[in-house]
Amino acid sequence: MPKTDQQHRQDILDVGKLIYQKGWVAANDGNISVRLDNHRILCTCTGVSKGMMTPDDIIVCDLEGNKMGGARERTTEIAMHLTIYQMRPDVSAVVHAHPPVATGFAVAGRPLTLALLPEVIVSLGCVPLAEYGLPGTPALTSGMLPYIPKYDAILLGNHGSVCYGEDVYKAFFKMETVEHFARVTLVAELLGGPKVLPRHEVGKLFEARARYGVKSHTCMEPGRPLVAEDLDDREDGKQDRQDRKPEREDRNPDRDRLNITRDELMALVDEALRSRGALT
Ligand SMILES: [Zn+2]
């Protein structure tokens with residue numbers, strides 16, 4: 001049985017509460033939407049805590065973002081939601097939040113692309129980082145465009161994260177995976193650095209998707225996710241540079257240093273002074 005519009009509204013209120021209680025949004029941050037059909041979406045309004053919404057805070061828009069129903073004003077990030085719906089016919093819900101650890105990675109300019117956790121590789125592949133764009137303007141969306149067709153979770157530079165899926169709970173769970181992955185990655189870094197999975201193990205996880213019924217557009221491609229061999233190549237690059245270092249050191253003054261006794265030095269000084277007439 002497909003859900004009624006009323007049930008979708010309730011789902012948005014429930015997920016809003018969850019993202020607020022989990023501390024993924026502060027004050028009025030974040031926004032949520034659901035595609036009802038080919039003509040209408042439900043979205044949260046602007047200027048309200050996502051943890052304290054009432055049914056009146058849900059707006060109906062068409063797929064151009066024009067308001068069709070609701071007393072309040074639609075989210076200022078409506079364009080981001082509409083772009084995702086336009087580019088991904090398989091997506092029916094979008095959740096945007098600022099979960100603090102994932103947002104920390106986004107603020108540090110660090111994508112979550114290391115191949116570290118099987119469940120992340122199976123479900124999301126990895127989480128790329130879109131370039132910063134001013135919130136509420138087309139610039140926010142333009143940085144995401146390269147990633148929307150393939151990825152279901154994206155970090156937004158200096159901003160937060162957006163996740164989407166077949167329904168609002170699937171989008172919410174993807175956000176939960178992103179934040180959990182960010183936390184695990186951070187802890188691994190504090191404990192001396194994560195151990196990245198090798199390519200053949202990552203390949204097996206991508207193959208296992210069918211078994212888990214995962215419908216994802218991501219596939220293995222160079223650097224996404226980053227496998228152990230990719231990092232080894234980087235290390236080799238560093239090693240090459242280190243290997244070249246002694247060559248530079250060949251020009252080090254150490255190499256031109258002479259071993260000379262005190263008497264030999266005094267004899268040389270005497271000779272130099274004598275040749276200049278300073279010594280007889
Ligand atoms: Zn935001």
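Guide: Start with Thr113. Leaving aside its neighbours within four places in sequence, Thr113 is in contact with Cys126, Val127, Pro128, Gly223, Pro225 and Leu226. Keep in mind that this is a predicted model. Thr113 sits in the loop between H3 and helix H4 (118-123). Is Thr113 buried or exposed? Its relative accessible area is 8%. The cut-off for buried is under 20%, so Thr113 counts as buried.

The crossing of the two is left-handed. Which residues meet there? H3 brings Pro100, Val101, Ala102 and Phe105. H6 answers with Val178, Glu179, Ala182, Arg183, Thr185, Leu186 and Glu189. By class, this contact of H3 with H6 holds 7 nonpolar residues, 1 polar and 3 charged.

H6 has another helix partner. Helix H1 (residues 5-21) also packs on H6, with axes that come within 10 Å. The two cross at roughly 10°. H1 and H6 are therefore roughly parallel to each other. Their crossing is right-handed. From H1, the contact uses Asp11, Asp14, Val15, Leu18 and Ile19. From H6, it uses Val168, Tyr169 and Phe172. Sorted by class, the contact of H1 with H6 has 6 nonpolar residues, 2 charged and no polar ones.

Tyr169 leads on to the aromatic rings. A search of the whole structure gives 4 aromatic pairs. In one of these, the ring centres of Tyr169 and Phe173 are 6.5 Å apart and the planes stand at 40°, so the pair is tilted. Why are Tyr169 and Phe173 about one helical turn apart? They are 4 residues apart in helix H6, residues 168-190, and that is why about one helical turn separates them. How accessible are the two? Tyr169 has a relative accessible area of 26%, which makes it partly exposed. Phe173 is also partly exposed, at 44%. Ring pairs join Tyr169 and Phe173 with Trp24 and Phe172 in a cluster.

Go on past H6. Pro198 lies in the loop between H6 and helix H7 (199-207). Pro198 is partly exposed, with 23% relative accessibility. Apart from neighbours within four places in sequence, its contacts are Val227, Ala228 and Glu229. Take Leu116 as another reference point. Pro198 and Leu116 are 82 residues apart in sequence, yet 9.5 Å apart in space, C-alpha to C-alpha.

Last, step back to the protein chain. It comes to 10 helices and 8 strands. Of its 280 residues, 41% are buried; Thr113 is buried too. Among contacts with a separation of 6 or more, 65% join residues 24 or more positions apart.

Definitions and conventions. Residues numbered from 1 in each chain as written. Predicted model: local features only at pLDDT ≥ 70, side-chain atom pairs only at ≥ 80, totals over all residues. Heavy atoms only, no water. Phe/Tyr/Trp six-rings, centres within 6.5 Å; stacked < 30°, edge-to-face > 60°. Buried < 20%, exposed > 50% of the residue type's maximum accessible area, 1.4 Å probe, protein only. Left-handed = near helix turned anticlockwise from the far one by under 90°. Contact = heavy atoms within 4.5 Å. Nonpolar A, V, L, I, M, F, W, Y, C, P; charged D, E, K, R; others polar. Axes fitted to C-alpha atoms, helices over the stretch in contact; angles between N-to-C directions. Parallel < 35°, antiparallel > 145°, perpendicular 65-115°, else oblique.
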